[in-house]
Amino acid sequence: MINTERLIETFVRYTACDSESGRERVFCEMMEGELTALGMTIRRDDVGTQCDSDGWNIHGYLPGEGEPILFSAHMDTVPPGEGVRAVVEDGVIRSAGDTVLGADDKAGLAAIMEAVRAAREQGVVHRPVEVLFTICEERGLLGSRYADYSQIRSKEAVVLDSNTPGELINQGPAKLVLHVEITGKSAHGALAPERGVNAVKAAAAAIAAIPTGYVDDCTVINVANFMAPGKSNVVPEKAGFDMDIRALDKAVLLEHQRQIEATIEAACAEIGATWKTQEDWQTDVLFVPPSSPVLAKLKQVYDDLGVAWKVDKTFGGSDATWLFERGGMDVINIGTGMTDVHSTQEHIAVADLEITARAVLGMMMI
């Protein structure tokens with residue numbers, strides 16, 4: 001039922017339309033036109049100002065029978081994403097090598113659109129279908145974070161924004177970005193160093209004592225953006241760094257935060273510096289129970305396609321988090337086959353793209 005040649009053409013055409021985060025307008029207009037041509041009622045969700053973008057989210061609705069289901073993918077890409085030239089060769093679609101391909105996430109968009117086209121032209125009975133195409137996902141899930149969910153009817157959703165076909169992600173982390181600022185006391189580094197309190201020394205001691213990477217089976221922590229501007233002959237008064245803390249259990253994350261702040265406090269007390277932190281909570285936990293009907297349906301769809309499936313967790317972010325938290329939906333993030341994303345080696349197998357479109361079509365069926 002899926003037209004593979006049309007699917008390839010659609011995907012290649014989508015990749016050729018520039019839509020780096022913040023500059024999605026032209027692509028939004030394209031998608032509105034194509035959704036309307038498929039008979040969908042569309043609504044602009046004007047979140048551009050909140051996301052610092054010239055684009056907007058698109059919510060579409062197509063009537064059907066039974067309970068509605070929503071499919072979601074994001075329209076923005078990372079740089080370098082201007083002037084993309086897709087190359088189709090030996091069953092693989094890849095970037096020409098000087099840009100990303102944009103399979104993240106235009107593979108998801110193309111699969112959704114082909115599935116809806118196939119259902120419409122063949123007159124098959126299907127569930128009511130909603131789509132939510134978002135902007136600025138690559139800037140921190142902003143489009144879905146600020147989306148208006150009040151008019152969305154679906155309680156089940158599928159996000160198409162992961163890697164391997166058959167990958168069914170039902171669990172994701174809460175994410176806290178912690179901005180740390182340490183204050184010491186400046187003094188001349190050669191003439192009166194004893195009068196200074198070196199903020200860099202305190203920050204370095206704290207960072208050295210904080211565990212990073214996968215610190216347990218539930219948590220991953222990273223330190224970045226160490227900054228201490230000033231002259232080399234002055235005892236630095238200010239130092240700062242950022243921390244990315246993600247955990248599949250929010251209580252565990254909060255305990256790690258407590259331990260981290262205790263470590264910073266001890267390092268500062270050792271030399272007489274002071275400290276403060278600023279919290280930026282970016283997402284809450286995603287957890288859809290294994291007993292969820294949408295997960296059971298996806299398993300059956302992949303079984304019917306002869307594709308091995310695996311229910312899994314991720315420490316990465318996706319729009320699924322906000323659809324779950326603010327949209328109140330049971331949402332699963334599925335793999336599309338996109339590979340080496342966010343690089344100029346990005347590519348996707350045509351067979352994986354086709355499997356993804358068939359999976360969407362299967363989820364539409366009653």
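This passage describes the overall build of the protein and then its pockets and cavities.

The structure is a predicted model, in which local features need pLDDT of at least 70 and side-chain atom pairs count only at pLDDT 80 or more, while totals for chains, interfaces and linings use all residues. Residues are numbered from 1 along each chain as its sequence is written, and side-chain values use heavy atoms, with hydrogens and water left out.

The protein has 10 helices and 17 strands; helices (H or I, at least four residues) and strands (E, at least two) are DSSP runs, numbered from the N terminus. Along the principal axes, its C-alpha atoms fill a box of roughly 85 × 45 × 40 Å. Of its 366 residues, 54% count as buried, where buried means under 20% relative accessible area, exposed over 50%, and partly exposed in between (1.4 Å probe, protein chains only). Among contacts with a separation of 6 or more, 80% join residues 24 or more positions apart, a contact being heavy atoms within 4.5 Å.

A single residue gives a local view. A266 is found in helix α7 (residues 250–271) and is partly exposed, with a relative accessible area of 46%. The C-alpha atoms of A266 and A206 are separated by 7.9 Å, although these residues are 60 apart along the chain.

Open spaces come next. On a 1 Å grid over the protein atoms alone, a pocket is an open set of points with protein on both sides within 12 Å along at least five of seven lines, a cavity is a set where a 1.4 Å probe fits but cannot get out, and lining residues have an atom within 4 Å of a point. Grid points are joined across faces, edges and corners, and a volume is the space filled by probe spheres set on the points.

The largest pocket holds about 490 Å³ of space. It is lined by 25 residues, of which E137, L141, G316, G317 and S318 are the closest to its centre. Strands β7 (156–162) and β13 (274–283) are the elements that give two or more residues to this lining. By class, the lining has 5 nonpolar, 13 polar and 7 charged residues; Ala, Val, Leu, Ile, Met, Phe, Trp, Tyr, Cys and Pro count as nonpolar, Asp, Glu, Lys and Arg as charged, and the others, Gly among them, as polar.

In the second largest pocket there is about 180 Å³ of space. Its lining includes M1, K297, R358 and M365. Two or more lining residues come from each of α8 (293–305) and α10 (350–364), and α8 supplies the largest share, 5 residues. The classes here are 5 nonpolar, 2 polar and 3 charged.

The largest cavity has about 40 Å³, and its lining includes I169, L286, G316, G317, S318 and N333. At least two lining residues each are supplied by β8 (167–172) and α9 (320–325). This lining has 4 nonpolar and 7 polar residues, but no charged ones. The second largest cavity has a volume of about 30 Å³; among the residues that line it are T15, C17, V100 and K106. Its lining divides into 4 nonpolar, 5 polar and 1 charged.
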